[in-house]
Amino acid sequence: MDYSVLLLTIGIPGCGKTTWVNDYLKSHPNGTYVISTDAIRLELTGNEQCVDPGQNSMIHDEARKRAKNIIDNRVEIFKKLGTWPVIVIDSTNVDVEEWIAYKQLGASVMMAKVFDVEPQEALKRIENRERKVPLKILEWKWKTLQNNKHAIPKLFNIEIC
C-alpha cells in the first residue's frame, strides 16, 4: 500500500503556524515537504505580503499543484527516502473551500493543526514583524475560522491539537 499525508495548518496570521512548521520540520526532516503560501506569493509576485487579494486563488492553486505533484510521486519518494511523504501546507487555511480543494488532491491521510488564537493576541505577536496585518483582517479570518471549525472532523482524518 502506498501512502501520503497532507497536513494543513489552520489559523490566523500571528498564531504560530510557521513557528510550529519550522519546529515540526526540525524533528521530522526526512520526507517532509513544506509548501508555504507566503513563499509562493513572494516567488510569484515579488511580495510576501498580500497586496492584491485577487492573487490568492493563483497562489493557492500553485500550492495545490505542488502538493499534488508530491502525492502523485509518493512511491518514487518512498523508494528514494525510505519514508512516505508528509506535505505540510503553511497557510491560514481558514476556509472550508480550501480544505475541500486540498482533500480532492487524494492524499491517503488529511491532518489539521489548528491554532485557535484570538485576534488581539495575534496582533501582539506580530507587533515586531516587518509584515503587518490589520486587526480588521485578523478578526475577519478568526470569525471565518470559528464559523468553519465544525467541518474539521468531517474533512480531516486527524486533528493535531
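Predicted model: local features only at pLDDT ≥ 70, side-chain atom pairs only at ≥ 80, totals over all residues.
Five strands form an open sheet in the order S2-S3-S1-S4-S5, with parallel pairing. Strand S2 (32–36) and S5 lie at the edges, each pairing on one side only. On average, neighbouring strands of this sheet are turned by 20° against each other, direction ignored. At one end of the order, S2 and S3 are joined in the parallel sense by 5 bridges, and Ile-35 has Ile-89 in S3 as its bridge partner. Helix H2 (residues 37–45) lies across these two strands, S2 and S3, and runs at about 60° to S2.

On one side, S4 is linked to the parallel strand S1 (residues 5–10) by 6 bridges; here Leu-8 has Ala-112 as its bridge partner in S4. S4 is also connected to strand S5 (residues 158–160), again running parallel, through 3 bridges, and Met-111 is found opposite Ile-158 of S5. In a regular strand, side chains alternate between the two faces of the sheet. For S4, both faces are covered: Val-109, Met-111 and Lys-113 are buried on one side, as are Met-110, Ala-112 and Val-114 on the other. In total, 6 of the 6 residues of S4 are buried.

The helices H3 and H5 can be considered as a pair. H3 and H5 pack with their axes 10 Å apart, at an angle of about 30°. Since angles under 35 degrees count as roughly parallel, H3 and H5 are therefore roughly parallel to each other. The crossing of H3 past H5 is right-handed. At this contact, His-60, Ala-63 and Arg-64 of H3 meet Glu-98, Ala-101 and Tyr-102 of H5.

Turning to the interior, nonpolar side chains tend to be buried together in soluble globular proteins. The largest nonpolar core in this model contains 27 residues, and Leu-6, Leu-8, Trp-99 and Phe-156 have the most contacts inside it. Two or more residues each are given to this core by S1, helix H3 (56–72), strand S3 (86–90), helix H5 (96–103), S4 and helix H8 (152–155). H3 supplies the largest share of this core, with 5 residues. Leaving aside residues up to four places away in sequence, Phe-156 touches Leu-8, Ile-10, Trp-99, Met-110, Met-111 and Ala-112. Another core, of 17 residues, lies apart from the largest one, and Leu-7, Cys-15, Val-86 and Ala-122 are among its members.

Methods
Residues numbered from 1 in each chain as written. Heavy atoms only, no water. Buried < 20%, exposed > 50% of the residue type's maximum accessible area, 1.4 Å probe, protein only. Helix = DSSP H or I, 4+ residues; strand = E, 2+ residues; numbered from the N terminus. Pairing = 2+ DSSP bridges. Core = buried A, V, L, I, M, F, W, Y, C linked by side-chain atoms within 4.5 Å. Contact = heavy atoms within 4.5 Å. Axes fitted to C-alpha atoms, helices over the stretch in contact; angles between N-to-C directions. Parallel < 35°, antiparallel > 145°, perpendicular 65-115°, else oblique. Left-handed = near helix turned anticlockwise from the far one by under 90°.
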